[in-house]
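This report covers selected side-chain packing and ring interactions. The sequence and structure come first.

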Amino acid sequence: MNRIANTIPEQIDMLLTDAIGQGASDIHIDPGEQSIHIRYRIDGLLRSVREFPKNIHPEIIARIKVLSGLRTDLHSTSQDGRCRFVSGKIQCDMRVSVVPTQFGENTVLRMLPMRREETSLVSLGFTQEQELLIRECAQQSHGMILVTGPTGAGKTSTQYGIISLVNASNRAIVTLEDPVEYMLPGVRQIPINPRHGLSFAHGLRAVLRQDPDVIMLGEIRDAETAQIATHTALTGHLLISTLHTNSAADALPRLIDMGIDPYLVASTLSLVINQRLVRRICTSCSAAGCGDCRQTGYRGRTVVAEVLQIDEKLQSFIMRRLPRNDIVKYAQSIGMRTIYEEALAKVEAGITTREEVLRVLSVPAES
């Protein structure tokens, strides 16, 4: 961003071009009392990049609102929009969120580059053994595969990776997403729109009348959606969804807490993936810090995950509502490595660092 822009549209274009070039996933435009702070989220961490004079804040926000189809005369409530940025060979879809704050409207832009790369599970960071286990369950004609973890753990990318395993012309695949992030060839993708009555639960009921074989559901957020999802997986459909839990084993009581009968959880759940994203050691400098990694020692991120397959014994554990510790111990006895063990394996392989693992993961409690 060396060239000085003369107009607000030019300033915005340069900001977006620079953020995309640096691989930012989000741009934060934070108004302060005296200036506007610009931060990029790169590899999961926010970095301050520059400041703008406070007096141009209204013009910057107005320009972003125009681009994303938001009301420029509305300043006292939140607004959400979407737009596409095109500059030369650069194309990027953006989700825009504007929220009023003490010093003006705060804006966050989620960057969704229009890439057409194939997303394989191994390229995301899963081991070959994990990929084979996921592939085995994804080839089944029915059941439920859950991807769990906090916001920002890469769950949607993993869902897309699973879809790539089953995407064939002889299978009808439908997704319900909030919003649709990337276009998947041969897949019917439906954006959720709660403002117009299209929730995950309502959309799931609708797509069941579309004769699907595989359904990707963005998230199981409530008891109603959980009930419909379980019924869907029980009646001859493969359902892939996400859930917010801290471990794979935590997904089992979570579904029961949402009102699903333990017998139905045991009958429908095939596989649970719990994952996080950790930063990769920069291959140019081996963590010493260089221009390629902006002196951080890290460049890019990789998945660390635990994969829990539900076998007959685990089904009996679920129906008897045994404690999660019993589930974890049994899973480890048949070969599952916990997410922390998988992360340490990546440390030993020189992919990430122990400091990064401790930053992202909680240290496991002593047995």
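Is tyrosine 182 buried or exposed? In this predicted model, tyrosine 182 has a relative accessible area of 14% and is buried, since buried means under 20%.

## Aromatic pairs

There are two aromatic pairs in the structure. One of them joins tyrosine 160 and tyrosine 182 in an edge-to-face arrangement, with 6.3 Å centre to centre and 70 degrees between the planes.

Tyrosine 160 belongs to helix α5 (residues 155–166), while tyrosine 182 is in the loop between β8 (173–177) and β9 (188–191), so the pair ties together parts that are 22 residues apart in sequence. Tyrosine 160 is also buried, at a relative accessible area of 6%.

## Charge over a ring

Arginine 279 places its charged end over the ring of tyrosine 298, at 4.0 Å from the ring centre.

## Alanine 331 and leucine 308

Helix α11 (residues 324–333) contains alanine 331. Alanine 331 counts as buried because its relative accessibility is 2%. Beyond its neighbours within four places in sequence, alanine 331 is in contact with Leu308 and Met336. Its C-alpha atom is 9.0 Å from that of isoleucine 310, 21 residues apart along the chain.

Leucine 308, not counting residues up to four places away in sequence, touches Ala331 and Met336, and its other contacts include Ala248, Ser270, Val272 and Ile327.

## Nonpolar cores

The largest nonpolar core has 40 residues, and Leu308 is among the six that touch the most other members, along with Met144, Leu146, Leu204, Ile220 and Leu269.

Note on methods
Residues numbered from 1 in each chain as written. Predicted model: local features only at pLDDT ≥ 70, side-chain atom pairs only at ≥ 80, totals over all residues. Heavy atoms only, no water. Helix = DSSP H or I, 4+ residues; strand = E, 2+ residues; numbered from the N terminus. Buried < 20%, exposed > 50% of the residue type's maximum accessible area, 1.4 Å probe, protein only. Contact = heavy atoms within 4.5 Å. Core = buried A, V, L, I, M, F, W, Y, C linked by side-chain atoms within 4.5 Å. Phe/Tyr/Trp six-rings, centres within 6.5 Å; stacked < 30°, edge-to-face > 60°. Lys NZ or Arg CZ within 6 Å of the ring centre and 35° of its normal.
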